[in-house]
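Student: Hi! Could you walk me through this one? I'd like to start with charged pairs and then move on to the helices.

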Amino acid sequence: MKQLQNLVSAVLAGVMISFGGAVFLACENKIVGAILFSLGLTVILLNGFLLFTGKTAYLFENKPTYILLLCLIWIGNILGCMGMGALAAYAKPSLAETASKICDTKLTQAPLQTVALGALCGILVYIAVDFFKSDDDKKAFNKYLIVFTAIPAFIICGFEHSVADMFYFATSGALYTGKGIVYILLVSAGNLVGAVVFHLLKKFVITSLKSKKSA
């Protein structure tokens, strides 16, 4: 039952990111679209839905079975995006056309470039998610502020978010090709590496500062 709950939670996270992606595709003003995209992650954080890019940073703080959870979350996310992509393409064909142009451009990137762009995105998503999880209620406004700045930042910069890309590729149909799947896997790897490395470095710095204060 627990695994089923986790899978459904991951599917819902994929659905919410897809809503954000749909808004971005529909907006002529990309800055406005990038800001509104943040709604998806906000809903995910408020409801505790399982998002791959929000969980990867804590890989080395959990048991080895955590890898299986990440795989389950990834599968749930992509299932949610596949469903939303099919609905979006059917209900609003213009979204599929826009998504196709975006995906065609993405597929021209070199593999290492794709991983690097994924890593940069992973850092920004980690910053937003980790700060939002803070228990300090006095920082409630700042929690939302960081989400509505860090998320638009990675979109405007052109960094790659694996779950958002799942939606774009599903909407365009490019997800169902060998190149599409490889691309999503590369971005996913980049997201994971960026978030994990930044998290570990952050812990190292904080631990060092605490040691100096206690000395």
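Predicted model: local features only at pLDDT ≥ 70, side-chain atom pairs only at ≥ 80, totals over all residues.

Student: Which residue forms a salt bridge with Lys203, and how far apart are the closest N and O atoms?

Tutor: Glu61 is the partner of Lys203, and their closest N and O atoms are 3.2 Å apart. Glu61 sits in the loop between helix H3 (52–55) and H4, while Lys203 belongs to helix H9 (residues 178–214), so the pair ties together parts that are 142 residues apart in sequence.

Student: Nice. On to packing: at what angle do the axes of H1 and H4 cross?

Tutor: At roughly 45 degrees, with the axes of helix H1 (residues 2–26) and helix H4 (residues 66–91) coming within 7 Å. H1 and H4 are therefore oblique to each other, and H1 passes H4 in a right-handed crossing.

Student: Which residues in H1 and H4 meet?

Tutor: On the H1 side they include Leu7, Ala10, Gly14 and Phe19, and on the H4 side Leu72, Gly76, Gly80 and Met84 are among them.

Student: And how do H6 and H7 pack?

Tutor: Helix H6 (residues 111–132) and H7 pack at an angle of about 170 degrees, their axes being 9 Å apart. That makes H6 roughly antiparallel to H7. Among the residues that meet are Leu124, Ala128 and Phe131 in H6, and Tyr144, Val147 and Ile151 in H7.

Student: Switching to the surface, which residues form the nonpolar patch?

Tutor: Ile31, Ile35, Leu46, Tyr144, Phe148 and Ile156, with about 550 Å² of accessible area together.

Student: Which elements give two or more residues to that patch?

Tutor: Helix H2 (30–47) and helix H7 (140–157) do. Leu46, for instance, lies in H2.

Note on methods: Residues numbered from 1 in each chain as written. Heavy atoms only, no water. Patch = residues over 30% accessible without salt bridge, like charges linked within 9 Å, V, L, I, M, F, W, Y side chains within 5 Å. Areas by Shrake-Rupley, 256 points an atom, 1.4 Å probe, with all protein chains shown as cover. Salt bridge = Lys/Arg side-chain N within 4 Å of Asp/Glu carboxyl O. Helix = DSSP H or I, 4+ residues; strand = E, 2+ residues; numbered from the N terminus. Axes fitted to C-alpha atoms, helices over the stretch in contact; angles between N-to-C directions. Parallel < 35°, antiparallel > 145°, perpendicular 65-115°, else oblique. Left-handed = near helix turned anticlockwise from the far one by under 90°. Contact = heavy atoms within 4.5 Å.
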